[in-house]
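Please look through the sequence and the model shown here, and keep them in view while you read the explanation that follows.

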Amino acid sequence: MKDLDALTHELFTFFNCFSSWENSVIKTSDLTVSEAHAIEVLGEYGPMNMKTLAQHLGVTTGTTTVTVDRLEKKEYARRESVKGDRRVHLITLTEKGQKAFAEHHQYHYNLTEQIQSVLSPEENQQLLDILKKINRDAF
């Protein structure tokens with residue numbers, strides 16, 4: 001039980017630090033955290049429909065629709081009809097959205113470098129392997 005308590009504490013501390021870091025990064029823009037996450041997914045994986053974006057974000061399509069509406073209003077993204085089926089729309093980043101993705105992604109890259117700097121090469125590989133396993137099997 002003591003190990004479970006210690007791990008829970010460390011995960012909680014890491015999450016709070018990461019969340020605080022992310023909020024401080026996002027405060028420098030006109031984006032919300034959910035909007036920045038949507039931009040990150042679209043920048044990483046390219047144009048996609050609302051359902052696929054919602055799955056990547058782990059939220060409902062209704063929540064994603066609100067986020068995409070705001071991104072369109074702020075000119076970070078747009079909906080484009082699919083040829084042959086006008087009912088289907090792909091969400092794509094605008095030039096402004098692509099720039100925001102590049103900037104936000106660089107912040108993530110810098111944080112990863114900061115984390116790696118306190119670990120040995122073996123620990124970095126272990127962390128990568130553990131995170132892959134957790135992302136694949138726990139959620």
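Which helices each supply at least two residues of the lining of the second largest pocket? They are α1 and α5, where a helix is a DSSP run of H or I with at least four residues, a strand is a run of E with at least two, and both are numbered from the N terminus. This is a predicted model, in which local features need pLDDT of at least 70 and side-chain atom pairs count only at pLDDT 80 or more, while totals for chains, interfaces and linings use all residues. Residues are numbered from 1 along each chain as its sequence is written, and side-chain values use heavy atoms, with hydrogens and water left out.

The second largest pocket has a volume of about 190 Å³. A pocket is found on a 1 Å grid over the protein atoms alone, as an open set of points where a 1.4 Å probe fits, with protein on both sides within 12 Å along at least five of seven lines, and its lining residues have an atom within 4 Å of a point. The volume is the space filled by probe spheres set on the points, which are joined across faces, edges and corners. Of the 13 lining residues, Ser-29, Leu-31, Ala-100, Glu-103 and His-104 lie nearest the centre of this pocket, and α5 gives the largest share of the lining, six residues.

The largest pocket holds about 2,100 Å³ of space. It is lined by 33 residues, and those closest to its centre are Phe-14, Phe-18, His-108, Leu-131 and Asn-135. Helices α1, α2 (33-45), α3 (50-57), α5 (95-117) and α6 (121-137) each supply at least two residues of this lining. The lining divides into 19 nonpolar, ten polar and four charged residues; here Ala, Val, Leu, Ile, Met, Phe, Trp, Tyr, Cys and Pro count as nonpolar, Asp, Glu, Lys and Arg as charged, and the others, Gly among them, as polar.

A residue to look at by itself is Glu-22, which is found in helix α1 (residues 2-26). Glu-22 is buried yet has no salt bridge, and the nearest side chain of opposite charge, Lys-27, is 12 Å away. Buried means under 20% relative accessible area, exposed means over 50%, and partly exposed lies in between (1.4 Å probe, protein chains only), while a salt bridge is a side-chain nitrogen of Lys or Arg within 4 Å of a carboxyl oxygen of Asp or Glu. For charge, Lys and Arg count as positive and Asp and Glu as negative, whereas His and the chain ends are not counted. Leaving aside neighbours within four places in sequence, Glu-22 is in contact (heavy atoms within 4.5 Å) with Val-33, His-37, His-104 and His-108.

Elsewhere, salt bridges do form, and by this rule the count comes to six. In one of them Arg-70 pairs with Glu-35, the closest N and O atoms being 2.6 Å apart. Arg-70 lies in helix α4 (residues 61-73) and Glu-35 in helix α2, so the pair ties together parts that are 35 residues apart in sequence. Arg-70 counts as partly exposed at 31% relative accessibility, whereas Glu-35 counts as buried at 0%.

Asp-69 forms a salt bridge with Arg-79, with the closest N and O atoms 2.8 Å apart. Because Asp-69 lies in helix α4 and Arg-79 in strand β1 (residues 77-82), this pair ties together parts that are ten residues apart in sequence.
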